[in-house]
Amino acid sequence: MRTETQMMDMIVSFAQQDERIRAVTLEGSRTNPNVPKDMFQDYDISFLVTEMTSFIEEPHWIDRFGERLIMQKPEDMTLFPPDLGNRYSYLMQFADGNRIDLTLIPLEEKDDYCKEDKLLVVLLDKDNCLPHIPAPTDEDYWVKRPSAAMFADCCNEFWWVSTYVAKGLWRREILYAQEHLNKYVRPMLHKMLEWQIGFETDFSVSVGKCGKYMENFLPEERWQALLATFANGTYEDVWRALFAMGELFSQTAQEVASHLQVAYSHDEAERVTAYLRRVRQLPADAVDFPCIIG
């Protein structure tokens, strides 16, 4: 596997020899002082170029970066519509384990580009054309303090969509139930846990993409409680995971509410939990739903 020094030397050397490329930057985790280095970190590289057509029309110029296992060019894909505007990207996984995510950016976009992300390091600036860029920081990714309205919306969404999971389980539609559990309910649980971490750290840390660093900030008991919210492929275990989520969510939401000095709706949580239990007990051939209130 090529070393970081070899990869960076190769990238910068290539750019130095190509007159179309006027500047090179590095973004992402390799610029973040708070992220431990490992061999799977991508090289998030941008070339600021005078024109892009010749790069795109002659695709073999990227071959000099090494033997590729697989590549994506998002701007050429139909199933996943691109969203980079005038930019063009090559996502390349190499046979030696390295990966480069390389983006071509029109030089005229340089000022806007340099304001987009604070995790940015200039590797090459042939014309000294880039604005001053401060030392990289991940502060844009720190957990943000919620408002009372955001807290209320998170609680409402968690309990509201929990009823969809129960409905799917009773109907024996496990894909529907799992989709709602993991795509809608779980993000609200993660959001509440992030806010709790934020209060404990004075909102000065990032928990990473998909909460990947959350383990570093949660007490071991709560971390294990979070892991217990993942279900296997059985109906009974999805029910178990749903109730485990509810318990962990309520516990964390009460703490966050205390920090925010707002009320947590215990009544809403208890009513929905009672509803979920009742649905779980319904026979498969039930045609009427028994009232759970009054």
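Which residue lies over the face of Phe230? Arg186 does, at 3.7 Å from the ring centre. The model is predicted. Its largest nonpolar core has 46 residues, and a second, separate core has 26. The aromatic pairs number 13, and the count of disulfides is zero.

**Nonpolar cores**

- Within the largest nonpolar core, of 46 residues, the members that touch the most other members are Phe151, Met192, Phe249 and Tyr264.
- At least two residues of this core come from each of helix 4 (148-170), helix 5, helix 6, helix 7 and helix 8 (266-281).
- The largest contribution is that of helix 7, which gives 13 residues.
- Once neighbours within four places in sequence are set aside, the contacts of Phe249 are Cys154, Cys155, Phe158, Trp159, Met188, Leu189, Met192 and Tyr264.
- Two of these contacts of Phe249, Met192 and Tyr264, are also named with Phe249 among the core members that touch the most others.

**Aromatic pairs**

- The model has 13 aromatic pairs.
- One of them is the stacked pair of Trp239 and Phe243, with 6.0 Å from centre to centre and 20° between the planes.
- Trp239 and Phe243 are about one helical turn apart, because they lie four residues from each other in helix 7 (residues 235-260).
- Trp239 and Phe243 are both buried.
- Elsewhere, ring pairs join Phe14, Phe47, Phe55, Trp61, Phe65, Tyr88 and Tyr90 into a cluster.

**Charges over rings**

- Arg172 has its charged end over the ring of Tyr235, 3.7 Å from the ring's centre.
- This arginine, Arg172, belongs to the loop between helix 4 and helix 5.
- Arg172 is exposed, and its relative accessible area is 54%.
- The other arginine described here, Arg186, lies over the face of Phe230.

**Backbone angles**

- Most residues other than glycine have a negative phi.
- Arg172 is not a glycine, yet its phi is positive, at about 65°.
- Phe203 also has a positive phi without being a glycine, and here the value is about 50°.
- The position of Phe203 is in the loop between helix 5 and helix 6.
- Phe203 is buried, with 15% relative accessible area, whereas Arg172 is exposed.

- In helix 6 (residues 220-227), Arg222, Trp223 and Leu226 are the buried residues.
- They lie on the same side of helix 6, because the arc they cover around the axis is only 105°.
- Helix 5 (174-200) and helix 7 are included in what covers the buried residues of helix 6.
- His190, a residue of helix 5, touches Leu226, as well as Cys210 and Met214, when residues up to four places away in sequence are not counted.
- His190 counts as buried, because its relative accessibility of 17% is under the 20% limit.

**Cysteines**

- No disulfide is found: the count is zero.
- Cys155 is buried, at a relative accessible area of 6%.
- For Cys210, the closest cysteine sulfur is again in Cys154, but the distance is 17 Å, which is too far for a bond.
- Cys210 is exposed, with a relative accessible area of 69%.
- Cys210 is one of the residues that His190 touches, while Cys154 and Cys155 are among the contacts of Phe249.

**Ser54**

- Ser54 is located in helix 2 (residues 53-57).
- With a relative accessible area of 27%, Ser54 is partly exposed.
- From Ser54 to Lys110 there are 56 residues in sequence, and the C-alpha to C-alpha distance is 19 Å.

Technical notes
Residues are numbered from 1 along each chain as its sequence is written. This is a predicted model: local features need pLDDT of at least 70, side-chain atom pairs count only at pLDDT 80 or more; totals for chains, interfaces and linings use all residues. Side-chain values use heavy atoms; hydrogens and water are left out. Rings of Phe, Tyr and Trp (its six-membered ring) pair if their centres lie within 6.5 Å; planes under 30 degrees apart count as stacked, over 60 as edge-to-face and the rest as tilted. Buried means under 20% relative accessible area, exposed over 50%, partly exposed in between (1.4 Å probe, protein chains only). A charge sits over a ring if NZ of Lys or CZ of Arg is within 6 Å of the ring centre and within 35 degrees of the ring normal. The arc is that of the directions from the helix axis to the C-beta atoms. Contact means heavy atoms within 4.5 Å. A disulfide is a pair of cysteine sulfur atoms within 2.5 Å. A nonpolar core is a set of buried Ala, Val, Leu, Ile, Met, Phe, Trp, Tyr and Cys residues joined through side-chain atoms within 4.5 Å.
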